[in-house]
Amino acid sequence: MTLRNLNPEAQLVSLKQPEIHTLTQVQPHGVLLVLREADLSIVQVSRNARAAFGLSAEELLGQTLDDLLDAYQVDQVRSGLRHDNLDIMNPTKVWVRRRGDDYGVYDAIFHRNSEGFLILELEPALNNEAIPFLSFYHLARASIGQLEAGTASLADFCRIIVHEVRQVTGFDRVMLYKFDDDGHGEVLAEEKLDDMESYLGLHFPESDVPQPARKMFLSNWIRVIPNASAEPVDLVPAVNPVTQHGTDLVMSILRQPYRCHTEYLHHMNVEASLTISLMKDQKLWGLIACHHKTPKYVPYELRKACEFLGRVIFAEISTLEEEADQSYRLKLAAVQSALIDQMARADYFIDGLVRHDPSLLDLVGAKGAAVCFGGQWTTLGRTPPEEELNYLVQWLANRAEQTEQDIFVTNALPLDYTEAQRFKDVASGLLAIAISKRSYVLWFRPEVIQTVNWGGNPNEAYTLVGEGDQQRLCPRQSFELWKETVSLRSLPWQTVEIKAALELRKAIVNIVLRQAEELALLANDLERSNAELKKFAYIASHDLQEPLNQVANFVQLLEMRYDAKLDDDGKEFIGFAVEGVSLMQTLIDDVLAYSKVDLQGIEWQLTEVQQALDQALGNLRGRVAETGAIITADPLPTIVADGTQLMQLFQNLIGNAIKFRKPGETPGIHVGVQRQEEHWLFSVTDNGIGFDPQFAERIFVIFQRLHTRDEYAGSGMGLAICKKIVECHRGRIWVEAAPNRGATFYFTIPVEGRDRNHGNGHKAKNYLFSRG
């Protein structure tokens, strides 16, 4: 779990402390020499060299190993230096004659630093025999055998590592310390003397192992401090005379630790430490930390044995974690494959994500999920309210524009987006992927409140002591249990879950683009078909008009020429023929008008709605005057629309309201308007005869009528034309009515005209992308 960010490195920098790897002092239990490899001459040497060579540091400068060791030993050294990897010659036993027959036996450890100098470290050889290989092999083999025989949990691995390392080294306490994603550490296993304070299960802030130290642990797997109270020894000269700056000692065993480190050990009441790096994927996974209450020297062979033991058993830890990751990865891969298949088979790809098992929730182990696409929300499980989702997506979109990233991951959303505190119980954790600029898939995890046990107050990890140029950092003196309640956070998202979400994003984009191509082809086919239908309707209407006119003319001619010879039935039949021809001409005109209403024919421009209404009323002035209709309207806005079609829309709706008035009652009609979030909502309300609500959909169908032509004239095309006009404006139209209580027709027009993709009562499918 993410805990907190403590950054004492910034304080270290501000105090201008020397770089840890270029400190100019060494630990006094050994002698360090900086050599030119070409002639093995001494460039720098630790001031305690007299104990080893019988000469002062100043006397040794400029001398070569040939001057200090016998020819056989120097030849052995030169032979070993021919190899790129100097580990094969470490340690080399050397005998140094100090005076007379007095010899000193040392373990000589060689390495090359980043500047090309040869670093030689001499440590007193405590015994002449290396650790027997077979004994150590059996120890390592027995440790692994315990793991293979048991349940092989992470706790088992860690416990066995600390037990074996303590058994080999004899340290008073051995701990295994793992770093979390934020750099803080937790003690996973511990073995110690009974009278020592326990740190098992405690967290330690990132500042306890600052970044400079971590970089060194990446390079040098072993760090030993035999005596934290020993006075350090200066290098002579302090500055490398060749480079004119401190010598890089990052790989040095004898390098003196930073003062803050030794004080840290003293506050833990220990005098010696051995630290072993645990590496995974070229990163510092954790540390094995060994502590001793009194000074304790650890020979080179034993240090390397511990390093090897840690590597061997930690390899088993890595395998265990990888197996667990692989199992989870395979599970998510199966879920991902199923989701992709479900999306590909669904008419609407979101249905494939939420309406089947597995669903979006199974892909990343979330408690809630939401998909925003085409301005519409589809939710699953526990999610924030839709209004909050709209604000959240707007924040994500603005952030994505700044970061140019298509994914956002956090297990502490309220700390990044303060409004999320309102719904922390369902969405303290967020994993979001962008499908397009305003389309997202979101996963949510609820708040998990935890109590974290710290080894001391993490807010007081370091204190400043001294004044002015003498000011320095001092580590905390107390490691007593300090509890912290962590809130506004969820369980963290695993790397494998984040990768699965990104893979799903690719699949969604591919499926949506494929469907967009299919829709584009369909649109082209429809456009071509519509063009042919319009052409057919125009030609048919034009060609039908002429024979109809001939029929009408000849029928009227018959009526005039043979009127005296026709009886009443004959005259009635001729009247029926004339009415039929007239009705046919009206139907043809209405079909032609209907065919001319399409999206491409719209003239998108700023239109004063009042002007369109006035034009419609002008066309209806005769019927208005005849019926005495009273027509009122709200103050009407200026919108983006086609003025001619808007006029036709009002003319048809108001004309219908006048037509279907109550007998003997003056028609009262009101045109209303409301501004809503993304569209204008218009209404036309009348006091007419109304109708049964069950026919609310039928009346918009072409040629559909609720009354006979004997009752009310007309072709049944007026409302169908209204519906087509509104839909071509990306709006929708509907009606609310009741018998003898009048009717109210509602229609919407988008605020931004054709640039807005509003639905017409169905799910919007906008497959046009601005990004992704």
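Two strands pair if DSSP finds at least two bridges between them; helices (H or I, at least four residues) and strands (E, at least two) are DSSP runs, numbered from the N terminus. The model described here is predicted: local features need pLDDT of at least 70, side-chain atom pairs count only at pLDDT 80 or more, and totals for chains, interfaces and linings use all residues. Residues are numbered from 1 along each chain as its sequence is written, and side-chain values use heavy atoms, with hydrogens and water left out.

**Strand β29 and its partners**

- Strand β27 (residues 679-686) pairs with β29 in the antiparallel sense over seven bridges, and phenylalanine 682 has phenylalanine 747 in β29 as its bridge partner.
- Strand β28 (residues 733-737) also pairs with β29 in the antiparallel sense, over five bridges, with alanine 737 opposite alanine 743 in β29.
- The hairpin of β28 and β29 has five residues between the strands, and asparagine 740 takes a positive phi near 65° there.
- In strand β29 (residues 743-750), eight of eight residues are buried, where buried means under 20% relative accessible area, exposed over 50%, and partly exposed in between (1.4 Å probe, protein chains only).
- One side of β29 carries Ala743, Phe745, Phe747 and Ile749, the other Thr744, Tyr746, Thr748 and Pro750, and all are buried.

**Aromatic pairs**

- Rings of Phe, Tyr and Trp (its six-membered ring) pair if their centres lie within 6.5 Å; planes under 30 degrees apart count as stacked, over 60 as edge-to-face and the rest as tilted.
- By this rule the count is nine aromatic pairs.
- Tyrosine 177 and phenylalanine 179 form an edge-to-face pair, because their ring centres are 5.3 Å apart and their planes stand at 80°; both residues are buried.
- Phenylalanine 349 and phenylalanine 373 are likewise edge-to-face, because their centres lie 5.0 Å apart with the planes at 85°.
- This pair links distant parts of the chain, 24 residues apart: phenylalanine 349 belongs to helix α11 (residues 349-354) and phenylalanine 373 to strand β14 (residues 368-373).
- Phenylalanine 349 and phenylalanine 373 are both buried.
- Trp395, Phe408 and Tyr417 are linked into a cluster by ring pairs.

**Charges over rings**

- A charge sits over a ring if NZ of Lys or CZ of Arg is within 6 Å of the ring centre and within 35 degrees of the ring normal.
- Lysine 296 places its charged end over the ring of phenylalanine 171, 5.6 Å from the centre.
- Arginine 675 lies over the face of tryptophan 680, at 5.4 Å from the ring centre.
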